[in-house]
Amino acid sequence: MGKLVALTGNIALATAMRQINPDVCAAYPITPSTQVIEQFSEYVADGLVDTELIAAESEHSAMSACIGAAAAGGRVMTATSSQGLAYMWEMLYIAAGMRFPVILACVNRALSAPINIHGDHSDSMGARDSGWIQIYAENAQEAYDNLIQAVRIGEQMDVRLPVMCCMDGFTTSHAIDTLELLDDKTVRDFIGEYKATHPLLDVEHPVTYGALDLQDYFMEHKRAQAEAMKNSRKVIVDIAKEYKKISGRGSIYFEEYYMDDAEVVMVIMNSAAGTVKTVIDAMRARGEKVGLLKPRIFRPFPYNELADALSNVKAVAIMDRADSVGAEGGPLFMEFKSALYGRKNQPMMINKIYGLGGRDLMLNDIEEIYKELREIKNTGKIKALSEYITVRGEEAAYGKA
Amino acid sequence: MVKLKDLIQKKPIMEGGHRMCLGCGAPILVNLILRASDAPVVLSNATGCLEVASTIFPYTAWNAPWIHSAFENAAATISGIESMYRALKKKGKIDKKINFVAFGGDGGTYDIGFQSLSGALERGHRFVYVCYDNGAYMNTGVQRSSATPFGAATTTSPAGVVIPGKLQKRKDLTKIVAAHNIPYVAQASPHNWLDLAKKAEKAFSVDGPAFLNVISPCPPGWKSEAKDTIGLCKIAVDTCFWPLYEVENGKYTINYKPKEKLPIETWLKPQGRFRHLFKPENAKLLKQIQEDIDKEWESLQKLAAL
Ligand SMILES: Cc1ncc(C[n+]2csc(CCOP(=O)(O)OP(=O)(O)O)c2C)c(N)n1
Ligand code: SF4
Ligand SMILES: [Mg+2]
């Protein structure tokens with residue numbers, strides 16, 4: 001079995017990267033993900049990995065170099081946050097469209113403006129249509145576990161897609177947490193050897209990547225990419241099960257906390273889920289039927305499974321740590337509305353935008369939301385469909401009575 | 001040393017049948033350069049005419065591994081490829097020598113890809129960057145770039161009633177690249193095939209980054225005749241608009257000095273993009289162009305004398 005250690009989330013990620021030992025890592029520093037690459041650079045400098053490290057001059061070039069390296073034929077990783085991910089945006093779509101299983105550790109941070117270095121999900125949510133598989137982590141342990149599984153998921157032959165592994169800036173990246181590491185050999189056996197298809201370095205069999213694809217073929221290629229994303233659903237399940245065998249840990253698409261008989265439920269991703277669990281423990285002790293659904297996989301979005309999980313619930317609060325300005329609610333809320341559309345036993349749903357720019361969600365705030373949900377369950381009335389919470393000033397809520 | 005006899009026997013890496021215009025300089029210089037490689041090549045290509053017109057799916061003109069990923073990142077992309085090569089070599093998974101080449105137009109090199117180029121040069125990857133400089137964003141319909149010559153009319157620097165074309169001087173990219181202190185930098189022209197091939201050979205031989213800036217006429221953009229492409233290259237060099245020189249580990253060498261420097265009008269006249277300069281009211285602009293060229297030629301000679 002593994003070794004129990006106390007590490008920050010960033011060092012946990014760097015440790016997973018050391019164990020994965022990618023062929024090439026190209027990156028550019030940005031708070032709060034910088035430490036991942038700093039620590040990994042030490043592993044490179046000390047010869048603990050064989051990786052060629054490219055200290056790129058920008059995130060755009062870092063992702064471009066990842067794409068070149070992946071096309072050349074090998075395992076490739078990077079890490080970034082916020083503006084860095086935004087700066088990569090053009091290349092994110094290209095990595096996915098070219099079907100390269102690049103792995104990106106995204107340490108979630110708010111997007112400017114105003115500039116802010118703390119955790120929210122606006123960066124990775126902004127990339128949700130880029131064609132990357134997205135996996136979210138509550139804590140350092142999950143972040144570590146996800147990164148190792150990401151290698152296998154992305155590299156599966158009927159998937160071959162890039163994977164973004166997200167965890168919260170500072171709350172997870174900089175706080176010391178206890179976690180269990182697998183030993184190096186177990187990780188290496190689990191991920192196995194990478195077999196590149198049509199590598200550029202196979203000069204005897206020249207291939208052209210990135211041809212101009214016009215009306216005649218473009219849609220077939222995009223559809224093939226969409227199919228690959230669909231294929232990843234099963235792969236994600238298989239890999240999670242296999243990983244559980246070697247680690248004894250992990251959920252698949254999402255984690256359920258007291259969901260068996262829960263009447264009112266909060267849906268929340270990443271670190272704040274931990275705080276919600278604390279509230280649930282206290283409320284359950286008082287006999288209240290509250291529960292938590294914590295999505296792990298955001299892309300591909302597990303529509304049916306998530307909707308099934310909510311089928312016996314009366315009222316749900318979807319918690320978004322990012323807004324989709326101008327839409328009726330945050331990105332997670334919109335996905336859940338689609339997932340539940342047309343279902344017979346739809347729960348009543350509300351949306352809260354919380355924690356932007358790293359603002360804490362306190363125990364008390366969470367308990368208030370459960371109270372509101374109980375009220376909704378009892379009266380059948382929703383006061384506000386979507387609103388910002390824990391915020392000063394006039395409320396500008398959508399769907400407010 | 002390269003010999004014409006050997007060069008022409010090599011199969012062209014960029015095959016015929018692509019859709020670049022009649023008289024385009026780019027395919028000519030691409031094949032000349034790639035033929036001078038002593039090893040198989042892997043290529044990265046920025047968005048632009050060379051990319052768009054050579055790989056319309058399901059066709060490709062390339063007889064070598066080739067990748068295009070975006071406009072501003074041919075250098076970053078090749079640096080990823082070259083790093084993977086080194087990683088796999090270290091692990092014993094690959095052993096043969098491969099040369100790495102990135103192609104970019106002037107827009108993809110002087111402008112939007114400038115940072116990516118500078119970064120890759122500074123990191124010291126072993127690759128040859130080739131800029132085919134046709135002096136504008138041709139693929140999107142002849143917009144001005146920072147390589148567009150002073151006075152030229154483009155679709156974003158048109159010769160209008162009050163503004164007579166582009167009023168800014170070209171960025172001197174070759175010297176900026178030389179300031180990166182990389183092992184090899186050269187400016188070349190396809191009309192002097194031997195000089196270009198020799199420079200390519202040197203570029204491939206160095207253990208680090210090399211840069212070739214090659215003039216590349218574009219009949220639709222220059223409003224010139226396809227048959228004049230090679231001739232216009234020669235005049236560009238004989239007027240000293242485009243001097244042939246190289247910088248080897250910091251040492252400047254002029255590779256060709258015209259016996260008699262031709263007046264710049266000889267080069268401007270056959271190109272429709274400069275037509276407005278020959279109106280009487282623009283005589284001062286013509287004068288200024290000549291003065292600038294004379295000054296730059298002087299300063300290059302001084303550098304070479306160091
Ligand atoms: C980020 C981005 N901005 C703009 C474009 C549009 N675009 C494609 S090619 C091109 C101009 C290319 O000019 P140059 O590099 O000089 O090559 P040429 O077409 O002249 O051969 C432009 C502006 C793009 N593809 N990507
Ligand atoms: S437009 Fe100019 S650069 Fe483009 S293919 Fe035609 S001649 Fe070549
Ligand atoms: Mg151009």
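Start where the two chains meet: select the contact between chain A and chain B, which takes 40 residues from chain B and 38 residues from chain A (two residues are in contact if their C-beta atoms, placed from the backbone, lie within 7 Å). On the chain B side, strand S1 (41-45), strand S2 (66-67), helix H4 (74-90) and helix H6 (114-123) each supply at least two residues. Color H4(B) next, as this helix gives the most to that side, with 13 residues. By class, the side of chain B that touches chain A has 21 nonpolar, 15 polar and four charged residues. Here Ala, Val, Leu, Ile, Met, Phe, Trp, Tyr, Cys and Pro count as nonpolar, Asp, Glu, Lys and Arg as charged, and the others, Gly among them, as polar. Helices (H or I, at least four residues) and strands (E, at least two) are DSSP runs, numbered from the N terminus.

Two notes before moving on. This is a predicted model, where local features need pLDDT of at least 70 and side-chain atom pairs count only at pLDDT 80 or more, while totals for chains, interfaces and linings use all residues. Residues are numbered from 1 along each chain as its sequence is written, with chains lettered from A and ligands numbered from 1 in the order in which they are written.

Now select strand S9 (residues 208-209) of chain A together with S2(B): two bridges join them, and they run parallel (strands pair if DSSP finds at least two bridges between them). Look for Tyr209(A), which stands opposite Ile67(B).

Next, show all of chain B. Along its principal axes, the C-alpha trace of chain B spans about 70 × 50 × 40 Å. Of its 306 residues, 53% count as buried (20 or more other C-beta atoms within 10 Å of a residue's own; exposed is 12 or fewer, and partly exposed is in between, with C-beta atoms placed from the backbone).

For a look inside, pick helix H10 (residues 229-238) of chain B. Buried residues here include Thr229(B), Leu232(B) and Cys233(B). What covers them? Among the covering elements are helix H2 (25-35), strand S6 (210-215), helix H9 (219-222) and helix H11 (265-268) of chain B.

H9(B) gives the most to the shell around ligand 2, with three residues. Of the 13 residues around the ligand, Met20(B), Cys21(B), Cys24(B), Cys49(B) and Cys218(B) come nearest (a residue is near a molecule if its C-beta atom, placed from the backbone, lies within 6 Å of it). The shell divides into ten nonpolar, three polar and no charged residues.

Last stop: Ala322(A), in the loop between strand S14 (315-320) and helix H11 (331-340) of chain A. Why does Ala322(A) count as buried? Because it has 24 C-beta neighbours inside 10 Å. Leaving aside neighbours within four places in sequence, its contacts include Asp120(A), His121(A) and Met125(A).
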